[in-house]
Each structure stands twice: as C-alpha cells, then as structure tokens.
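Q: I would like to learn how to read a few features of a structure, with the general idea given before the particular case. Could we begin once the model is on the screen?

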Amino acid sequence: MAWNEPGGNGNNHDPWSGGGDNRGKRSGGNDQGPPDLDEALRKLQDRLGGILGGGKKKGGSGGGSGKGPSKAAGGGFFVVIIVLAALFWAGMGFYTVDQQERGIVLRLGKYHDTVQPGLQWNPPLIDDVTKVNTTRIRTYDHRSLMLTEDENIVDVDMTVQYVVADPVMYILKIRDPSDSLAQSSESALRHVVGTSEMHGILTEGRDTLALQVQARLQRYMEDYSTGLQISKVNIKNAQAPRQVQDAFDDVIKAREDEQRVINEAQAYANGIIPEARGQAQRLMEESNAYREEVVAKATGEASRFTALLTEYTKAPEVTRERLYIDTLQDVLSRTGKVMVDVEGGNNMMYLPLDRLTEQQPLRDTSGRPVRLDENTLNQLAEQVLQEARQRAQTTSGLREGR
C-alpha cells in the first residue's frame with residue numbers, strides 16, 4: 001500500500017515528513033543535524049497553501065517515493081517566483097511628485113484622485129498616474145494678417161504666456177489643450193483687431209489691444225474647460241504688410257510732420273500769447289500811472305493856485321511882481337542867448353560862450369586851440385564888455401554930432 005493511500009497503516013509515514021527513521025538515516029543517527037531543504041520547501045508550500053486556501057492533495061493512485069520530492073520542490077519554487085513577482089509589482093507602484101507638479105490618478109481609466117507633491121504609491125497596472133507641471137510658464141507665439149475696422153490690413157505678432165491652473169481639466173476635459181489655445185488665440189485676436197482702427201493698433205493702442213485679447217482669450221479657456229490660466233499677452237509687433245510698407249511709411253512720416261508742425265505752432269502760440277498779455281498789462285499799468293500822475297499834478301496845481309490866490313488877496317502888488325519875476329526866470333533860464341545891458345546904449349544879444357565852445361573850440365591868433373578856464377572866461381567877458389562900452393560911446397557921440 002502507498003504511504004499516502006487512504007486507510008493506510010499508521011506506520012506507513014510520508015518519507016518526506018521528517019519522521020524519526022528518515023532523520024536518522026539522513027543524519028547518520030544524529031537527531032541534531034540540519035533540516036532537509038526539500039522538507040523546508042514543502043513546509044513553506046503548505047503554509048502558503050493554507051493562507052491562499054489550498055491544502056494537501058488527498059487520495060489518488062499516488063506516485064512512488066521518488067516522485068514526491070520533485071513535485072514539492074517544483075511547487076515551492078513556483079511560490080517563490082510568485083512572491084518575488086508580487087514584491088516587484090508592489091515596488092513599481094512607488095513614485096515621486098515634484099513640488100511644482102500635481103499627479104492625476106486614473107484607476108482602470110476613470111479619474112480617481114489628484115495627488116500632491118511627495119512620495120506616493122499606487123497599484124501599478126491598475127492606476128495610471130500623469131504628472132502635470134502647474135507652475136511653469138508656457139509660451140505660445142502667433143502671427144498673422146488681420147483686417148481692421150477701417151478696412152486696413154495689419155501684420156500682428158503676438159505672444160501668449162499661460163500656466164496650467166487646473167490639471168484635471170487639462171488632462172481629462174479636452175483632447176488637445178495646446179491646439180485649443182492656438183485656435184482661441186487666433187479668434188480672440190481677430191475679434192479685437194476687427195473692432196479697432198489701424199492707427200490705434202500701430203501707435204499708442206497696443207497695450208489696450210493686448211489687455212482686450214487677454215480678457216477674451218481667458219473667457220474662451222474657461223468656456224472650453226481647458227484648465228489654462230492666461231498670465232499675459234504681449235503684442236510684440238504690429239505693422240503694415242510688407243507689400244505696402246513703403247507707402248505706409250510715407251503716410252506715417254506725413255502724420256509725424258503734421259504733428260510736428262502742430263506742436264511748433266502751439267509752442268509759438270504759447271510764447272506769443274503770454275508776451276502779448278504781458279505787454280497789454282504793462283500798457284494798462286502805464287496808463288494807470290499816467291492817470292494818477294495827471295490827477296495828482298492837476299490837484300497840486302489847483303492847490304498852488306488856491307494858495308497864490310489867498311496870497312494875492314492879501315498883497316496884490318507884491319504877488320504880481322513876484323509872479324512876473326518867477327516867470328521871467330523860468331523863461332530866460334531855458335534860452336540860448338545872453339542879454340547884455342550897456343548904459344547909454346541899446347541892448348545887445350550874444351550867444352553864450354559856453355555854447356560856442358560846445359560847437360567848436362576857440363583858437364588864438366596863431367590858430368592854436370585855447371583852453372577855457374574860469375580866468376579865461378572872465379577875461380573874455382571883460383573884453384566883450386569893453387568893446388560894448390566903446391561901441392556905445394561911439395554911437396552916442398555920433399548922435400550928439402548930428
């Protein structure tokens with residue numbers, strides 16, 4: 001009867017069960033020898049089979065004692081392979097998410113969770129993890145010809161800077177976020193340029209154009225659920241098409257000349273108007289001063305006349321004589337002639353000597369210029385008086401002879 005046959009004798013032990021006889025035979029009668037490797041593998045197999053729900057196979061025709069150890073060894077090796085495969089599978093589930101990233105976990109193709117930065121574990125082949133950088137600023141460049149509101153064509157070069165604000169939408173809600181961003185940028189730019197005039201786009205309206213495009217593009221990204229956040233839109237260049245660039249440059253130059261002439265005229269006006277206002281104010285001040293002077297002078301003359309009238313009333317003869325003398329003094333002080341009174345003769349008029357010296361220098365009989373000082377003038381005055389007296393005497397003698 002086989003050792004594992006049901007109903008067998010109790011003495012028919014499993015030759016691999018580690019009984020006393022077999023241990024004695026293998027160890028040479030020493031019960032303290034090392035355990036058999038096949039026995040250890042069999043026991044490990046039995047324990048794993050108990051854990052996994054298996055057990056020893058009962059009954060059957062059973063093999064001989066030579067087949068039992070081979071089957072046990074093969075089964076133990078298979079279990080080790082399974083354990084190692086399980087450990088390798090579990091080790092594949094560890095991964096690291098960087099600080100600037102977020103992990104999107106799909107379990108069997110369905111969204112499961114969003115993992116934060118750090119060391120994470122998910123069952124491999126069951127969960128699929130996609131890492132998304134949510135802090136890196138991405139750039140998209142776009143350039144095309146646009147039609148403006150005033151039916152002109154401009155060549156606009158634009159740059160869009162954006163970040164991934166919602167990684168779930170970025171991965172799951174839309175198939176190709178980059179393509180959606182490109183088409184949305186084209187649409188937003190054409191809409192804003194189509195409602196603007198060419199002059200504003202090419203000159204001072206670029207900043208306003210960029211802000212309007214950014215706001216409209218962000219609305220598009222939210223409506224399409226792309227998960228993108230537009231950071232900034234820059235209009236790098238806006239110019240006329242190359243085919244008409246020369247003519248457009250002439251137009252710009254003409255506009256610049258126009259503005260320059262306007263600025264020069266404004267500067268001239270700003271210089272002339274204040275000057276004219278200053279002259280007008282000066283004339284007004286001078287007229288006011290002249291008025292005050294005339295009024296004050298007239299008031300003084302009236303006061304003087306009133307005072308003279310009072311004095312004339314008190315002493316008419318003296319006042320009349322005094323007024324006469326003052327008048328002659330005032331008149332004669334401004335005349336250019338000298339009146340010489342000679343006794344017994346007529347009055348003779350001579351030009352003043354100082355006036356003669358101002359017109360031409362005096363010279364002596366030799367033709368040399370004479371320096372006039374106080375003594376010379378006195379001598380000349382005495383000489384003139386003597387000649388005048390002689391002429392007067394001669395005239396009087398002639399009158400008496402007649």
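Q: How many residues does helix α5 have, and what should they span at 1.5 Å a residue?

A: Helices (H or I, at least four residues) and strands (E, at least two) are DSSP runs, numbered from the N terminus, and the expected span of a helix is 1.5 Å times one less than its number of residues. Helix α5 (residues 177–194) has 18 residues and should therefore span 26 Å, which agrees with the 25 Å between its end C-alpha atoms. This is a predicted model, in which local features need pLDDT of at least 70 and side-chain atom pairs count only at pLDDT 80 or more, whereas totals for chains, interfaces and linings use all residues. Residues are numbered from 1 along each chain as its sequence is written, and side-chain values use heavy atoms, with hydrogens and water left out.

Q: Which residues of α5 are buried, and what covers them?

A: Buried means under 20% relative accessible area, exposed means over 50%, and partly exposed lies in between (1.4 Å probe, protein chains only). The buried residues of α5 include Pro177, Leu181, Glu186, Leu189 and Val193. Contact means heavy atoms within 4.5 Å, and what covers the buried residues of α5 includes the strands β6 (138–147), β7 (153–164) and β8 (228–239), together with the helices α4 (167–173), α6 (198–202) and α7 (206–223).

Q: Where in α5 do glutamate 186 and arginine 190 stand relative to each other?

A: An α-helix has 3.6 residues a turn, so residues three or four places apart point the same way. Glutamate 186 and arginine 190 are four residues apart in helix α5 and are thus separated by about one helical turn. Their side chains meet in a salt bridge (2.5 Å, N to O), a term that requires a side-chain nitrogen of Lys or Arg within 4 Å of a carboxyl oxygen of Asp or Glu. Glutamate 186 counts as buried at 19% relative accessibility, while arginine 190 is partly exposed at 39%.

Q: How many salt bridges does this rule give, and which parts of the chain does the pair of aspartate 157 and lysine 236 link?

A: Side chains of opposite charge can pair when their charged atoms come close. The count comes to 10 salt bridges. One of them joins the side chains of aspartate 157 and lysine 236 (3.8 Å, N to O), and this pair links distant parts of the chain, with aspartate 157 in strand β7 and lysine 236 in strand β8, 79 residues apart. Aspartate 157 is buried, with a relative accessible area of 15%, whereas lysine 236 is partly exposed, at 46%.

Arginine 322 and aspartate 326 also meet through their side chains in a salt bridge (3.5 Å, N to O), and both lie in helix α9 (residues 316–332), four residues apart. Arginine 322 counts as exposed at 55% relative accessibility. Asp257, Arg260 and Glu264, in turn, are linked in a network of salt bridges.

Q: What is the order of the strands in the open sheet of three strands?

A: Two strands pair if DSSP finds at least two bridges between them. The open sheet has the order β3-β2-β5, with antiparallel pairing. Because β3 (110–115) and β5 (127–133) stand at the edges with a single partner strand each, one side of each is left without a neighbour in the sheet. Strand β2 (residues 101–107) pairs with β5 over seven bridges in the antiparallel sense, and arginine 102 stands opposite valine 132 in β5.
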